[in-house]
Amino acid sequence: MRLLRPAPLLASLVLLAAMALPAPAAAAELDIPQLHYQQRTLPNGLQVLSVEDHGSPNVAVQMWYHVGSKDDPKGRSGFAHLFEHLMFKSTRHMQAEQMDRLTEDVGGANNASTGDDVTNYFEVVPSNHLQTLLWAEAERLSSLNVDEPNFKSERAVVEEEYRQSVLANP
């Protein structure tokens with residue numbers, strides 16, 4: 001008498017069980033409301049998309065830059081991520097960490113991320129702080145202070161993040 005090996009036997013049982021199941025029901029139709037937005041391009045090339053929604057007293061701002069880790073110099077990774085961090089440091093008219101003060105001190109939040117081909121920054125604040133927030137975004141884009149102390153401190157932070165999330169990934 002010949003015995004079947006466990007793997008082929010298990011595969012046969014799974015196939016038989018799958019054939020005995022009823023056909024899946026058709027997916028329910030979803031009624032997704034159309035998103036109404038405005039799009040324009042400023043004279044400097046900045047593309048602006050806006051959606052007005054009065055369902056919340058807050059406003060969300062996102063800035064997306066078409067630069068990421070793919071733009072790092074060959075053999076030298078981490079520059080896009082480093083500049084993501086530097087954007088939270090000082091500018092000509094803002095002190096270091098002032099972006100945190102402009103968001104968190106009014107009950108909002110901010111963060112950023114760097115991907116292969118994009119770096120994005122986002123903030124959520126009460127809507128009466130929108131003008132200040134837009135000014136701060138323009139300020140850090142046009143007047144970022146990339147000095148030696150800022151560079152060294154943020155390089156150390158990015159290196160530690162690399163050690164924790166890549167080299168010692170749980």
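Q: How many bridges join strand β3 to β5, and which way do the two run?
A: In this predicted model, 8 bridges join β3 (residues 58-65) to β5, and the two strands run antiparallel. Among the paired residues, Q62 has F122 as its bridge partner in β5, and V59 has V125.

Q: Which other strand pairs with β5?
A: Strand β4 (residues 109-114) pairs with β5 over 6 bridges, in the antiparallel sense. A hairpin of 4 residues joins β4 to β5, and T114 stands opposite T119 of β5.

Q: In what order do the strands of that sheet stand?
A: The order is β3-β5-β4, in an open sheet of 3 strands with antiparallel pairing. β3 and β4 stand at the edges with a single partner strand each, so one side of each has no neighbour in the sheet. On average, neighbouring strands of this sheet are turned by 10° against each other, direction ignored.

Q: Is β5 mostly covered or mostly open?
A: Strand β5 (residues 119-126) is mostly covered, with 6 of its 8 residues buried.

Q: What does E123 form a salt bridge with?
A: The partner of E123 is R140, and their closest N and O atoms are 3.1 Å apart. E123 belongs to strand β5 and R140 to helix α4 (residues 130-142), so the pair ties together parts that lie 17 residues apart in sequence. R140 also counts as buried, at 0% relative accessibility.

Q: What about E84, where is that found?
A: E84 is found in helix α2 (residues 79-86). That helix lies across β4 and β5 and runs at about 165° to β4.

Q: Which residues does E84 touch?
A: Leaving aside residues up to four places away in sequence, E84 touches A112, S113, T114, T119 and Y121. E84 is buried yet has no salt bridge, and the nearest side chain of opposite charge, R140, is 9.2 Å away.

Q: How many salt bridges does the whole structure have?
A: A search of the whole structure finds 9 salt bridges. One of them is between the side chains of K89 and E154, at 3.5 Å from N to O. This pair links distant parts of the chain, 65 residues apart: K89 is in the loop between α2 and α3 (98-104), and E154 is in helix α5 (residues 148-167). Both K89 and E154 are buried.

Q: Changing topic, how do β1 and β2 pair?
A: Strands β1 (residues 38-41) and β2 (residues 47-50) run antiparallel and are joined by 4 bridges. Q39 stands opposite L49 in β2. The two strands form a hairpin with 5 residues between them, and G45 in the turn has a positive phi of about 95°.

Q: Finally, how many helices and strands are there in the protein chain?
A: There are 5 helices and 5 strands, and from the N terminus on they run α-β-β-β-α-α-β-β-α-α. Of the 170 residues in the protein chain, 24% are buried.

Methods: Residues numbered from 1 in each chain as written. Predicted model: local features only at pLDDT ≥ 70, side-chain atom pairs only at ≥ 80, totals over all residues. Heavy atoms only, no water. Buried < 20%, exposed > 50% of the residue type's maximum accessible area, 1.4 Å probe, protein only. Pairing = 2+ DSSP bridges. Lys, Arg positive; Asp, Glu negative; His and termini not counted. Salt bridge = Lys/Arg side-chain N within 4 Å of Asp/Glu carboxyl O. Contact = heavy atoms within 4.5 Å. Axes fitted to C-alpha atoms, helices over the stretch in contact; angles between N-to-C directions.
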